[in-house]
Amino acid sequence: MKKSKQKKFIQGNEACVEGALYAGCRFYAGYPITPSTEIMEVMAARLPKIGGSFIQMEDEIASMCAVVGASLGGLKSMTATSGPGFSLKQEAIGYACMTEVPCVIVNVMRSGPSTGYPTGPSQSDVMQAKWGTHGDHPAVVLTPSSVQELLYETIRAFNLAETYRTPVIILYDEVIGHMREAVTLPLPGEINVVERKKPNCPPSEYKPYDVQDGNVAPLAAYGEGYRFHVTGLYHAADGFPTSNTKLIQETNERLVNKIDRNKETICKNEEFCLDDAEIGVFAYGVCAKSAKFAVKELRSKGVKVGLLRPLTIWPFPDDAVEEMAKKVKTIIVPEMNLGQVVHEVERASKGKCDVRGLFRVDTDPIHPKQIMNAILGRPVEPTVIPSEVLIERDMIDG
Amino acid sequence: MATLKELSEKKELFSGGHRLCSGCGIPPIVRLVLRSTDNPIVVSTATGCLEVGTSIYPYTSWRTPWIHSAFENTAATISGIETAYRALKKRKRLPVDKDIKFVAFGGDGGTYDIGLQALSGALERGHSFLYVCYDNGAYMNTGIQRSSSTPFGANTTTSPAGDMIPGKQEFRKDLTKIVIAHNVPYAAQASPHNWKDLNNKAQKALAINGPTFLNVISPCPLGWYSKPEESIETAKIAVETCFWPLYEVENGILKINYKPKEKKPIEDWLKMQGRFKHIFKPENKWMIEKFQERIDKEWERLLALDGKQV
């Protein structure tokens, strides 16, 4: 008998846990921080029941370090946090990049800097997600914009982490985190789950950074009989520190290239009404919800407008933006920050069209009406919800 | 020592109208500490209930200079402030004889866990300040997550009492002992139910030129699932059961400030709080025994040290 799919009415943070558990996450270490705490609360209740481990650590960086340790122990591992905690984790995120330890970090964005506004949404950590830790490093960052999509993208995050042996960041905001939507849970086997590539050589020959094919080496788990050295220093294929300048150059390039050269597979976009568009909107996360509504509204009135929505914000979808820039006269970039991704859109559009930002940082989401006004070239105010824009459910399906 | 009348006549530096919950242990602790000196006070507060509940725009409860920086660093912040005032005095930008007191407040999350490094550093460097930890035994501000101060067995959102694990399985960290190990001139444990004792300890601490520390139990009806009107009683029973002994270490000499005539069983304290409800199930009886055993051991240890150099 075919098992029917289970539907649940859950908040984003719970959907994130569902996705993680589906992907095989069996270790969670974290520290309480609004608006991400529900992830750890649900993990604390769920993991012991399926043989997983949950640890609450003494602070943010300790949580990140525990995740790296658990992943080296062979478990798919994750942590979740928000802005201030994300800042505190950065050193260990860099360590995970350098040592090529797969793991997933969730940042439910709130307004900053510092404590900022803990209970309201923001998109102000997009650049931190890319450049938060020091040194040139790979960054894979996903930006889902609905509760269902968050579930799927969490599975994808684990898959990418395991495929490329790298930390993957899921970036969403307080609205997606706390909003409740009906979510369909995928059946076992329905979505592909990537397992870590293990070595098949004898332990005496194993080198943890010996890249044979592609840019990624197999990773043994501690305790499986393979002894190996892991360090945040530049290291040779056997994992031991090196001061060989040629190796340092090669390793740093490989770390970045293993993501850059696989951009086509890692990048994922949704294109909506772009074919004949004269004006384009580039929006991610919660803003993409408002943007899609605005595009639908204006399309029904005959305005030729389309939407490009990246589900992967880093690596940046340069090609897709350039394609859009060739077609449209203007690209509007609504963001809940004072202008971060807009500069990337400007760079990627290579002067082929006009790029205009629409920024809001008062911790209320950007309203569709504001985006409509921006598309129509009108002043963006007011921010108060006008009565004629009553959001219908089918209009905001993601 | 001041009488209640004298205390009540002192200027109130912590005003009413704050947003802390009814039955919260924090306000009586803060008010008593601030009344324990006539000198000007500068206050630094870690992220937590106290900070959030007393500073919602456009209001403030603080009738004294007050700063909130972040979660992990109130001890570091007060270190900087205290050093700056010393420098200003040295340069005669402040009157040399002006004796300003520096007080840092942090909850158990911001003190036992993420703030421990900053606290330890400030104690070691020997800044002249009083650190007050209001210990309600969990991260209450973010919705009741366990901390390293959460008592054994307690049900929190990250140590949920379920079929697999019956609540928190670790004993709480003994922070007062850790502070004492820094050889500070004064460190003590107190409770808001014994206002005289708390006031006395704060007075002593604030009169000392050097790092001092108070660990004060702070009932939290929201996280303890206890009755708000019984908060002070809950604190009292914590002391009567010797879960929270009142003692001080002054210049290395330990003194127990209160010895219950008859030590109450820990059940008396546990049964006042919903967070321990599951412990009373027949299959979890061992937890009460384990809890009691630990308390007895700690109390015996303390009794043996009473009046001695530690």
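## Domains of chain A

In this predicted model, the domain assignment divides chain A into domain 1, covering 6–185, and domain 2, covering 270–390. Taken over C-alpha atoms, the centres of domain 1 of chain A and domain 2 of chain A are separated by 27 Å. The contact between them draws on 27 residues from domain 1 of chain A and 22 residues from domain 2 of chain A.

## The contact between the two domains

Between domain 1 of chain A and domain 2 of chain A an area of about 2,000 Å² is buried, and carbon and sulfur atoms give 57% of it. On the domain 1 side, the residues that lose the most area to domain 2 of chain A are Gln123(A), Met127(A) and Thr143(A), which together make up 32% of what that side buries.

Two salt bridges are counted between domain 1 of chain A and domain 2 of chain A. A salt bridge also joins the side chains of Glu181(A) and Lys289(A), with an N to O distance of 3.0 Å. Polar contacts between domain 1 of chain A and domain 2 of chain A come to 15 residue pairs, both residues being at pLDDT 80 or more.

Several elements of chain A each supply at least two residues to the side of domain 1 that touches domain 2, namely strand 6 (117–121), helix 5 (126–131), strand 7 (140–142), helix 6 (147–164) and helix 7 (174–178). By class, this side of domain 1 of chain A holds 12 nonpolar, eight polar and seven charged residues.

Thr34(A) lies in the loop between strand 2 (25–30) and helix 2 (37–46) of chain A. Because its relative accessible area is 19%, under the 20% cut-off, Thr34(A) counts as buried.

Leaving aside residues up to four places away in sequence, Thr34(A) touches Ser82(A), Arg110(A), Pro118(A) and Thr119(A), and also Thr142(B). Thr34(A) and Val193(A), by contrast, are 159 residues apart in sequence and 30 Å apart in space, C-alpha to C-alpha.

## The interface of chain B and chain A

At the interface between the chains, 18 residues of chain B are in contact with 19 residues of chain A. Chain B and chain A bury about 1,300 Å² between them, with 61% of that area on carbon and sulfur atoms.

Across the interface of chain B and chain A there are zero salt bridges, while six residue pairs are found in polar contact, both residues at pLDDT 80 or more. The side of chain B that touches chain A is made up of six nonpolar, nine polar and three charged residues.

Key
Residues are numbered from 1 along each chain as its sequence is written. Chains are lettered from A and ligands numbered from 1 in the order in which they are written. This is a predicted model: local features need pLDDT of at least 70, side-chain atom pairs count only at pLDDT 80 or more; totals for chains, interfaces and linings use all residues. Side-chain values use heavy atoms; hydrogens and water are left out. Domain bounds come from an automatic or database domain assignment. Contact means heavy atoms within 4.5 Å. Buried area is the accessible area (1.4 Å probe) that two parts lose on being put together, summed over both. A salt bridge is a side-chain nitrogen of Lys or Arg within 4 Å of a carboxyl oxygen of Asp or Glu. A polar contact is a pair of N or O atoms within 3.5 Å; within protein, one must be able to donate a hydrogen and the other to accept it, and residues adjacent in sequence count only if both atoms are side-chain atoms. Helices (H or I, at least four residues) and strands (E, at least two) are DSSP runs, numbered from the N terminus. Ala, Val, Leu, Ile, Met, Phe, Trp, Tyr, Cys and Pro count as nonpolar, Asp, Glu, Lys and Arg as charged, and the others, Gly among them, as polar. Buried means under 20% relative accessible area, exposed over 50%, partly exposed in between (1.4 Å probe, protein chains only).
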